[in-house]
Each structure stands twice: as C-alpha cells, then as structure tokens.
Amino acid sequence: MKVMWKEENNKLVLEKQFENFNEAWRFLNGVALLAEQNQHHPTIQNTFNNVKLELTTHDSGNTITDKDRDLASKIEKLF
C-alpha cells in the first residue's frame, strides 16, 4: 500500500480511513511507540475510523525537517 503524505502549511500531513475504530487505534498505538522511540511527536486527530497525522519540527521554526521525513518513513512501515 502506497502511503501519501502531503506537504501543507509547513507540515507533512497524512489522512487515512481505516476499516473500523479498532484498526485505526491499532495504527495509532504503533505511531505512539515510534514517536516515543524517536522523541518526535506528531499532532494526532482521530474520529472513529479516520486518522490525521501532522509532522513539523517546532524547534526549527515549525518547518519540515529530516526529523519529520524520517518519522514519516517509519510510520509508513506500519501499513
């Protein structure tokens, strides 16, 4: 499955619809583990089976950095 991150307003954005809430939550648990391991935390929005992630590096002036691209790549592997 090809994951499509978009660049919007100096953020990498991923929007994904899952089959159900449990699948969405399973994915978010994986994201949480990766975020802790990488000490880089996305903004997360979850409504039932819909998930939206935003990655930006706040201490670099709210812009996209290699730190964001690296975590995005790792998140893609959860699919």
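**Stop 1: Asn-50 and its surroundings**

Select Asn-50: apart from its neighbours within four places in sequence, Asn-50 is in contact with Lys-16, Gln-17 and Gln-45, where contact means heavy atoms within 4.5 Å. This is a predicted model, in which local features need pLDDT of at least 70 and side-chain atom pairs count only at pLDDT 80 or more, while totals for chains, interfaces and linings use all residues. Residues are numbered from 1 along each chain as its sequence is written, and side-chain values use heavy atoms, with hydrogens and water left out.

Asn-50 belongs to strand 4 (residues 50-55). Helices (H or I, at least four residues) and strands (E, at least two) are DSSP runs, numbered from the N terminus. With a relative accessible area of 33%, Asn-50 is partly exposed; buried means under 20% relative accessible area, exposed over 50%, and partly exposed in between (1.4 Å probe, protein chains only).

**Stop 2**

An open sheet is formed by 4 strands in the order 1-2-4-3, with antiparallel pairing. Two strands pair if DSSP finds at least two bridges between them. Strand 1 (6-8) and strand 3 are the edge strands, each pairing on one side only.

Go through the sheet pair by pair:

- Strand 1 and strand 2 run antiparallel and are joined by 3 bridges; Glu-7 stands opposite Leu-12 in strand 2.
- Strand 2 (residues 11-17) and strand 4, also antiparallel, are joined by 6 bridges; Val-13 has Glu-54 in strand 4 as its bridge partner.
- Strand 3 (residues 43-47) pairs with strand 4 in the antiparallel sense over 5 bridges; Gln-45 stands opposite Lys-52 in strand 4.

What lies between strand 3 and strand 4? The two strands form a hairpin with 2 residues between them, and Phe-48 in the turn has a positive phi of about 50 degrees.

**Stop 2: the aromatic rings**

Show the side chains of Phe-18, Phe-27 and Phe-79, which ring pairs link into a cluster. Rings of Phe, Tyr and Trp (its six-membered ring) pair if their centres lie within 6.5 Å; planes under 30 degrees apart count as stacked, over 60 as edge-to-face and the rest as tilted. The whole structure has 4 aromatic pairs. One of them is Phe-18 with Phe-79, stacked at 6.2 Å centre to centre with 10 degrees between the planes. This pair links distant parts of the chain, 61 residues apart: Phe-18 is in the loop between strand 2 and helix 1 (21-38), and Phe-79 is in the segment after helix 2 (66-76).

Is Phe-18 buried or exposed? Phe-18 counts as buried because its relative accessibility is 12%, while Phe-79, at 31%, counts as partly exposed. The rings of Phe-27 and Phe-79 have planes at 35 degrees and centres 4.9 Å apart, so this pair is tilted. Phe-27 in helix 1 and Phe-79 are 52 residues apart. Phe-27 is buried, with a relative accessible area of 6%.

Last, select Lys-16. Its charged end sits over the ring of Phe-18, 5.4 Å from the ring centre; this requires NZ of Lys or CZ of Arg within 6 Å of the ring centre and within 35 degrees of the ring normal.
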